[in-house]
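Hello,

Here is the structure I promised to pass on. Please open it first, then read my notes below.

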Amino acid sequence: MAQSVAHKVDTKPGSMALPLSKDLLLNLHNMMVKSRALEERLIKIYKTGEAFFWIGGPGEEAFGVPLGLLANKGEGKEHDWMHLHYRCTPTMVALGMPMIDSIRLIMNKATDQSTGGRNFSNHYSYPKMNVAPVTSPIEVQYSFAIGTAWAQKRDQAKGISVVTGGDAGTAEGDFASCLIWASRPGKELPMLITVQNNKWGISTSYDSQHGETHTCDRAKAFNIKTMVINGNDPIESYIELQKAYEYIRKEKKPVCLEARVSRLYGHSSADGANKRDEACCILTFEKKLMDWGLLTQKDISKIWEGYEAEARAAMEQVRTEPEPLPDSIWDQVYVGNENADWRNF
Ligand SMILES: Cc1ncc(C[n+]2csc(CCOP(=O)(O)OP(=O)(O)O)c2C)c(N)n1
């Protein structure tokens, strides 16, 4: 269930009002560090030759964690459908994914519950949490999301459909299809359409491609409510995402929300996966938490060390696990038919 603590104003000893409750601020920080520690472990696994490829979401934690925390998690139309892309580890961590799941996926082990060890890092799939399979062709999730949102609208279900993607991908037709289907008069769809704008599409800059100021400005032509937020600020992200979720749940209409985020380790292992000189949302947030007296530097170090140790232990466990065998090649192709042999069809 979505958390209802967002706008509860808390006070620190000494009186300054906090923008969110103390527990929520600390939880946001915790999830952000957990996600970053996991991603940095995935990068190390790639760099030591224990994985073929890495792509992921370090730098998007301040946006991705609130996106997951606010979702109505579960299976079926009454819950939110999550049509995520390959930078959504922070959202999956907030939804409760254990670190080891992500490590099994990047190390292509048979124990990987998303794909049986047959897909890239961060290509998650969790039917029980309505997390649709992450695809390598970019932006197709914007078309898939129309389908679940339409089913939710048709059955007047409580759940909404959430879709995420990058700025460059909005050039694909799926994004335009999504805006059109989401906004048909009288048949508007309950969709949270997000764009995580990290200002790059691999090595092509945002500024060289976009005549519009914000990608979400395009949704204005369809009378879709739009929002542009600082996705590097977890407090702004939480508050604005909560408004977006509430609007969609109440009005059964879409929101197109653009979050400005950093891309902290470049595009993927294809361009080195090395740390870039961009704003780090966790460092900025930690400074605020220390200024407010909620954490000390020592507390922060302890949180990091705990999650780094958890990620390392998970990796050591996964090293001992088996690779997929040829006879599992058709498993996980269709939900509910894991044992079917598709060669007979
Ligand atoms: C349909 C399709 N076209 C091209 C690609 C190659 N490709 C992979 S990621 C990417 C850039 C995507 O940039 P953006 O949408 O801004 O997301 P980001 O990776 O920056 O988060 C491209 C062009 C692809 N995977 N699928």
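Two residues are in contact here if their C-beta atoms, placed from the backbone, lie within 7 Å. With that cut-off, C178 touches Y142, S143, A145, I146, V163 and I193, not counting residues up to four places away in sequence. Please keep in mind that this is a predicted model.

**Helix α6 and its cover**

C178 belongs to helix α6, residues 173–182. The buried residues of α6 are D174, F175, C178, L179, W181 and A182. Residues three or four places apart in an α-helix point the same way, because there are 3.6 residues a turn. What lies over the buried residues of α6? The cover includes α5 (141–154), β4 (161–163), β5 (191–197) and α7 (217–220).

**The core**

The largest nonpolar core has 87 residues. Within this core, C178, A182, M191 and L192 touch the most other members. Helix α1, residues 22–47, gives the most to the core: twelve residues. In soluble globular proteins, nonpolar side chains tend to be buried together.

I193 sits in strand β5. Is I193 buried or exposed? I193 is buried, because 30 other C-beta atoms lie within 10 Å and 20 or more are enough for that label. Its contacts, leaving aside neighbours within four places in sequence, are V163, C178, A182, P254, V255 and C256. I303 is another matter. I193 and I303 are 110 residues apart in sequence, and their C-alpha atoms are 33 Å apart in space.

**The sheet**

Five strands make an open sheet, and the pairing is parallel. Their order is β3-β4-β5-β9-β8. The edge strands are β3 (81–83) and β8 (225–230), each of which pairs on one side only. On average, neighbouring strands of this sheet are turned by 15° against each other, direction ignored.

Now the pairs. β3 and β4 run parallel and are joined by three bridges. M82 has V162 in β4 as its bridge partner. β5 and β9 also run parallel, with six bridges between them. Here N197 has R260 in β9 as its partner. Six bridges join β8 to β9 as well, again in parallel. V228 stands opposite E258 in β9.

How many of the residues of β9 are buried? Six of its six residues are, and the strand is mostly covered. In a regular strand the side chains alternate between the two faces of the sheet. On one side of β9 are V255, L257 and A259; on the other are C256, E258 and R260. Both faces are covered.

Helix α8, residues 234–251, lies across β5, β8 and β9 (255–260). The helix runs at about 165° to β8.

**Loops worth a look**

Most residues other than glycine have a negative phi. Two residues here go the other way.

- E139 has a phi near 80°, a positive value in a residue other than glycine. E139 lies in the loop between α4 (99–106) and α5. E139 counts as buried because 22 C-beta neighbours lie inside 10 Å.
- K199 has a phi near 70°, also positive and also in a residue other than glycine. K199 is in the loop between β5 and β6 (200–201). K199 counts as partly exposed because 16 C-beta neighbours lie inside 10 Å, and that label covers counts between 12 and 20.

One more loop residue is D233, which lies between β8 and α8. Why does D233 count as buried? D233 has 20 C-beta neighbours inside 10 Å, and a residue is buried if 20 or more lie there. D233 and I329 are 96 residues apart along the chain, and 42 Å separates their C-alpha atoms.

**Around the ligand**

Which residues come nearest to the ligand? Of the 14 residues around the ligand, these are I138, G166, A168, G169 and G201. The shell divides into five nonpolar, seven polar and two charged residues.

From I193 in β5, step across to β9, which six bridges join to β5.

Best wishes

Conventions
Residues numbered from 1 in each chain as written. Near = placed C-beta within 6 Å. Nonpolar A, V, L, I, M, F, W, Y, C, P; charged D, E, K, R; others polar. Helix = DSSP H or I, 4+ residues; strand = E, 2+ residues; numbered from the N terminus. Pairing = 2+ DSSP bridges. Axes fitted to C-alpha atoms, helices over the stretch in contact; angles between N-to-C directions. Core = buried A, V, L, I, M, F, W, Y, C linked by C-beta atoms within 7 Å.
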